[in-house]
Amino acid sequence: MEKKKRLNKRTWLSAPYLIWIVGFTIIPLVVIFQDAFVNAEGSFTMDNILAIFNPIHMKSMILSLAIAAGCTVICILLAYPLVLALRRLNMGREGFLVFGLILPMWMNFILRLLAWQMILSKNGILNMILGFFGIAPLPIANTWLSILIGVVYDYLPFMILPLYNAISEIDEDIIEAAKDLGAGGFTVFKKIILPLSMPGLLSGIVMVFVPSMTSFVVADVLGGGKIQLIGNVIEQEFTKNVDWGLGSGLSVSLMIFVLISMAFTMKNDPEGKESAIW
Amino acid sequence: MVDKIKNFLSRFYIGIILFFLYVPIFVMIVLSFNSSRSRVIWGGFTLDWYRTLFSSSEVMQALSTTMILAFTSAIIATVIGTVGAIGISAMRERNYKIVLAFTNIPMLNADIVTGIALMLWFVRFMPLGFGSVLIAHITFNIPYVILCVMPKIKQMNLSIYEAARDLGANSIYAFVKITLPQLMSGIMAGFFMAFTMSMDDFAITYFTKGAGVNTLSTMIYSQIRKGIKPEMYALSTIIFAFVFLILLAVNYVPKMKNARKCK
Amino acid sequence: MKKRLISALLAGCVLISFLSGCGKSQTKESKNSLTLFNYGEYIDPDVLDQFTEETGIEIKYEEALTPEEMYTKYKSGAIKYDLMCTSDYMIQKLISEEELQKIDINSMQYKDNIDKKYWDLSAEIDPGNQYSVPYFWGTLGILYNTKKVKEPVDSWEVLFHHEYSGEIIMQNSIRDSYLVALKYLGYSLNTENESELREAQDLLLKQKKDVQAYLVDEARDEIVAENAIMAVIYSGEAYLAEEYNPDLAYVIPKEGSNLWLDSWCVTKYCENMDAAQQFLDFLCRADIAQKNFDYIYYSTPNKAVIDSLSEEDKSNEALVPAEDATANCEISKMQSAETTKLMNMLWKELKAE
């Protein structure tokens, strides 16, 4: 009884935080909803929300989805071997390598993207090196491929960190036991490592999928303006076309879509426990 | 033997990933020594940009605004987020889930939408300036802190705290002595994450800042039209070298000490 | 270990924060100050310092990339700008929305430094020259690599005949992209006629597969690096590009193009009209205009500066276009809300293709 009372008292600690999210997360959200559902004459409208089904917007949406999904899958494929290698070499427990992964994020991301643009452009660094080996230049610049490289580059650390956190906590004894019982490498991965790292994987998916779905700067810098993701459409409605209603409406649609896909992902998380991103 | 090959492959793979992450940074470092103002022409080696960098009050002002903003917003977000996470974790299942869902909103929204929504809201009751950017940064930093701290709270052994309370420790004493140390790694990680996100933000800062307030991001953005000034590459190189040296020092100095002890 | 690392890094952060000159918040409100809104890198920072030194008026400075972005930020009312430097059609729009204050041009000491030609040009968007003072101007044309293009380039046609597929850079802005197609088809760039716009759209849709990228001023670097052969670009950027790479040439196509004009105007929020006027006059002063010209290298409407140009610069098409080259050029004007909406939609369609 005493304990329950204390627990109840403890919930009060969340008060400052709750005030903060009401003040600066929920109310601004209401502002967006208001812009989305109320037209210039002040009456209710669904036009801005339904605008997502306009074929032009739908095309951008599907392309964004493809890029985000591709980015998430590639990040998973790159991150698993990496964290297993780190675990195998017992590196990174000291945090040095993990910091090494964060360090690039301290350099301004616009500058980093511009650097990628220089690497990938037609007479860029990559093609210069390829030319040195007598390989024909690759037309990567200003295509969806360069955007994909950009988002994978930007968000890979967000997959590695939670995954590493989850995998480094797996007890070596369990793996040894499985091996003693005759399990091969693949079986160990499938039956032990994968399930035990699931919370980390799910955090990673959220942290990679969501921003790569909504970002527009990467497509702007690396897509050469030829490729229009849904984030670019929203950005354009706000800063160029001054149609805030449509911009807000598309944002709300995008948010609903992201929430649904995340709810779907989280269904695979039976215990509902999230893993640390660090 | 097989182990050795596997170890080699592991190292090789880690190397490739690190290379991928650091390639653009190498490019930036090279550009900082380029005497041509155009980034696509190599005009020879120079250290001029490092010299002009320090005499540019504009850049120094932006650097200090960026740092102070990142530092202050990360500290405040860490305090509110940590205390908040402890509170939320004591909630009933249903409320807990609802609050966490709202926590994720700033992460689910496109940056630009968050930025414009905050701007439209701020305009109604306060002038835009440093304060409004600070509030905005705290807002998007809190979720990262909670994401880092919450799992540690879940792992925390509550009975120790309860035991301390039963033995007569008051709540603050028990919190400082028992709870805080258990959460420390999560709190630190949250702070660090928040600091990083704040340093890297552009869109939200752009819409919530007042006249005359510039961070490095907004400054770089305004230079895109006429070409990024080489001083920016020089500054990035210095920041990179600085952080890298700290990392090296912290990683190797203790090891060397240990080695000496062993002798 | 991790803890120690983080603490060390934090100590580092604090150190940087304080080393980099204790950043005082700049919210000091003084009555004698002006808040300016300008394009990025579009004024010599020394000019601002000098103005404060000479007059004691503090300057708060803000930058944006596009006129639309300026409009968005201005309209939100978040910051009460006193003076704004923006482009022709946007000034017209602001005037029509009664966002600007009249300037007493005749009381300006240095108003005659601005050539009458440019006051007349400005009058097309600001009748009677009541609201704006010309700052820089230029044209939109084709920057191309003379080593890779053998034929003489004098028409927009070169962008549309598919020979240079994958080597073309177009402007990443709605009005500038459509005006290329409209001018090529022989229409006005200020057209409000839907069928003309749709015709232009067809042309641009067909052209898209030949386009390497839609860029703004970054196009300059791409052409200099020879990543592409030709780009639709502003004259000022073309001039800078020619400095870096002598094989480049700039041409204003014979069908005509856009003659753009960026001007300063005073918003309705400005309470210190005297100071604002002083600033505008200051910009027209010969030595200040010269400083800005040396920093920006766009075409200036300031006679004093034009006279001091070298002969070589005077004959440079990108810096001082010949009279007959600009004969078919038009200034961009404000369009009706319907036309703007239609163009936005067409543009999204083009980009989504």
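The radius of gyration is taken over C-alpha atoms, and the globule rule sets it at 2.2 Å times the number of residues to the power 0.38. This is a predicted model, in which local features need pLDDT of at least 70, side-chain atom pairs count only at pLDDT 80 or more, and totals for chains, interfaces and linings use all residues. Residues are numbered from 1 along each chain as its sequence is written, and chains are lettered from A and ligands numbered from 1 in the order in which they are written.

**Figure 1. Chain C and its radius of gyration.** For 353 residues a compact globule would have a radius of gyration near 20 Å, and the 22 Å of chain C agrees with this. The C-alpha trace of chain C spans about 70 × 60 × 45 Å along its principal axes. Chain C contains 14 helices and 9 strands; helices (H or I, at least four residues) and strands (E, at least two) are DSSP runs, numbered from the N terminus. Of the 353 residues in chain C, 46% are buried. A residue is buried if 20 or more other C-beta atoms lie within 10 Å of its own, exposed if 12 or fewer, and partly exposed in between, with C-beta atoms placed from the backbone. Two residues are in contact if their C-beta atoms, placed from the backbone, lie within 7 Å. Among contacts in chain C between residues at least 6 apart in sequence, 77% join residues at least 24 apart.

**Figure 2. The two domains of chain C.** Domain 1 of chain C comprises 34–137 + 260–321, and domain 2 comprises 138–258 + 328–352; such bounds come from an automatic or database domain assignment. The C-alpha centres of domain 1 and domain 2 of chain C are 26 Å apart. Their contact takes 22 residues from domain 1 of chain C and 18 residues from domain 2 of chain C. On the domain 1 side, the elements that give two or more residues are helix H4 (88–96), strand S4 (132–145) and strand S9 (259–266) of chain C. H4(C) supplies the largest share of that side, 5 residues. The domain 1 side divides into 13 nonpolar, 5 polar and 4 charged residues. Here Ala, Val, Leu, Ile, Met, Phe, Trp, Tyr, Cys and Pro count as nonpolar, Asp, Glu, Lys and Arg as charged, and the others, Gly among them, as polar.

Figure 3. C:Gln109 is placed in the loop between H4 and helix H5 (116–123) of chain C. C:Gln109 is exposed, because 11 other C-beta atoms lie within 10 Å. C:Gln278 is 169 residues away from C:Gln109 along the chain, yet their C-alpha atoms are separated by 9.3 Å.

**Figure 4. Chain B as a helical chain.** Chain B has 12 helices and 0 strands. Its radius of gyration is 23 Å, well over the 18 Å that the globule rule gives for 263 residues, so chain B is more spread out than a compact globule. The C-alpha atoms of chain B fill a box of roughly 70 × 70 × 35 Å along the principal axes. Buried residues account for 50% of the 263 residues in chain B. Of the contacts in chain B with a separation of 6 or more, 79% are between residues 24 or more positions apart.

Figure 5. Chain A has 14 helices and 0 strands, and 49% of its 278 residues count as buried. Along the principal axes, the C-alpha trace of chain A spans about 75 × 70 × 30 Å. Helix H9 (residues 172–180) of chain A is hardly covered, as the count of buried residues among its 9 residues is 0. A:Gly182 follows H9(A) and has a positive phi, near 100 degrees.

**Figure 6. The contact between chains A and B.** The contact takes 71 residues from chain B and 65 residues from chain A. Helix H1 (residues 2–32) of chain B gives 16 residues, the largest share of the chain B side. By class, that side has 51 nonpolar, 13 polar and 7 charged residues.

**Figure 7. Helix H6 of chain A against helix H1 of chain B.** H6(A) (residues 109–120) and H1(B) pack at an angle of about 90 degrees, with their axes 8 Å apart. H6(A) is therefore roughly perpendicular to H1(B), a term for angles of 65 to 115 degrees, whereas angles under 35 count as roughly parallel, over 145 as roughly antiparallel and the rest as oblique. Axes are lines fitted to C-alpha atoms, for helices over the stretch in contact, and angles run from 0 to 180 degrees between N-to-C directions. From H6(A), A:Leu111, A:Arg112, A:Ala115, A:Trp116, A:Met118 and A:Ile119 meet B:Val23, B:Pro24, B:Val27 and B:Met28 in H1(B). This contact of H6(A) with H1(B) consists of 9 nonpolar residues, no polar residues and 1 charged residue.
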